[in-house]
Amino acid sequence: TADSIQLHASDQSVTFPGAVTVTGALNGSGANLTGITTGKVLQIVANTQTGNFSNNVGSTHFWGPSEFETTITPSSASNKVLIQGHFCVDAAISMGMGVQIQHTGSGGTLVTGANGAVAGQRKTVHSACKTDGTRMVNLPLTFLDSPNTTSAITYKFWFNHTSGQARVLYINQSHEDTNHGEISRAVSTVLLTEIAG
């Protein structure tokens, strides 16, 4: 009729000949639209690291710990991958520190749109913070990627700093990592969520 569809008791289904746009609210107990898949969470891959990591990084270089490399295989090329997580980081002195998001490609390529714009000699990063050498700070991850593939894709995370010379960078611990009640250890996590596109 003009404002309703009545289902036959023996079948309880409606078949449409093509794409359908659904508007309005669903009313009634247990009402749902199981046939609509866009935006649904299809899988989640979590990579949580509780270990302590450090590396001496040159002033113009990046450091990419392999422990944080995380792989997901999309089920459709139209699906999205939501990259989330955080890194607890520190360095020996007060300085800027950033993280860059890459993925598998020709040895590792920047994820389009996930990092800052190229501007001269400036480093492009996803997020940045300022360390102080005594306590950890947070580098957050949030980006919705469109990898356009059904092949396994590995996301990589590369760290840099703003000091003019080589500096030791730390993850999950502070530079001042003495065995004392005021000192903390932390956890860093990468979360990849495939979302139906």
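This is a predicted model: local features need pLDDT of at least 70, side-chain atom pairs count only at pLDDT 80 or more; totals for chains, interfaces and linings use all residues.
View 1. Residues are numbered from 1 along each chain as its sequence is written, and side-chain values use heavy atoms, with hydrogens and water left out. The protein has 11 strands and zero helices, where strands (E, at least two residues) and helices (H or I, at least four) are DSSP runs numbered from the N terminus. Of the 197 residues in the protein, 35% are buried, a word that stands for under 20% relative accessible area, with exposed meaning over 50% and partly exposed in between (1.4 Å probe, protein chains only). Among contacts (heavy atoms within 4.5 Å) between residues at least 6 apart in sequence, 80% join residues at least 24 apart.

**View 2. The largest nonpolar core.** A nonpolar core is a set of buried Ala, Val, Leu, Ile, Met, Phe, Trp, Tyr and Cys residues joined through side-chain atoms within 4.5 Å. The largest one has 28 residues, and those with the most contacts inside it are F87, Y155, F157 and F159. Elements that give two or more residues to this core include β4 (80-91), β9 (153-161) and β10 (167-171), and the largest share, five residues, comes from β4.

View 3. Two strands are said to pair if DSSP finds at least two bridges between them. β2 and β10 pair in the antiparallel sense over five bridges, and N55 stands opposite L169 in β10. β4 and β10 also run antiparallel, joined by three bridges, and here A91 stands opposite L169.

**View 4. The surroundings of F62.** F62 counts as partly exposed because its relative accessibility is 25%. Leaving aside neighbours within four places in sequence, F62 is in contact with V57, Q100, K123, T124, V125, W158, F159 and N160. F62 and G98 are 36 residues apart in sequence, and their C-alpha atoms are 9.5 Å apart in space.

**View 5. N115, a buried residue in a loop.** N115 is found in the loop between β6 (109-110) and β7 (127-130), and it counts as buried because its relative accessible area is 14%. A polar atom of the N115 side chain lies 2.9 Å from the backbone nitrogen of I101, and the side chain of N115 also reaches the backbone nitrogen of H126 at 3.4 Å. Not counting residues up to four places away in sequence, N115 touches V99, Q100, I101, L110, T124, V125 and H126.

**View 6. The salt bridges.** Side chains of opposite charge can pair when their charged atoms come close. A search of the whole structure finds two salt bridges, each defined as a side-chain nitrogen of Lys or Arg within 4 Å of a carboxyl oxygen of Asp or Glu. In one, the side chains of R135 and D132 meet at 2.8 Å, N to O; R135 is exposed, with a relative accessible area of 57%, whereas D132 is partly exposed at 28%. In the other, R185 and D177 have their closest N and O atoms 2.7 Å apart, with R185 exposed at 54% relative accessible area and D177 partly exposed at 24%.

Definitions and conventions. A polar contact is a pair of N or O atoms within 3.5 Å; within protein, one must be able to donate a hydrogen and the other to accept it, and residues adjacent in sequence count only if both atoms are side-chain atoms.
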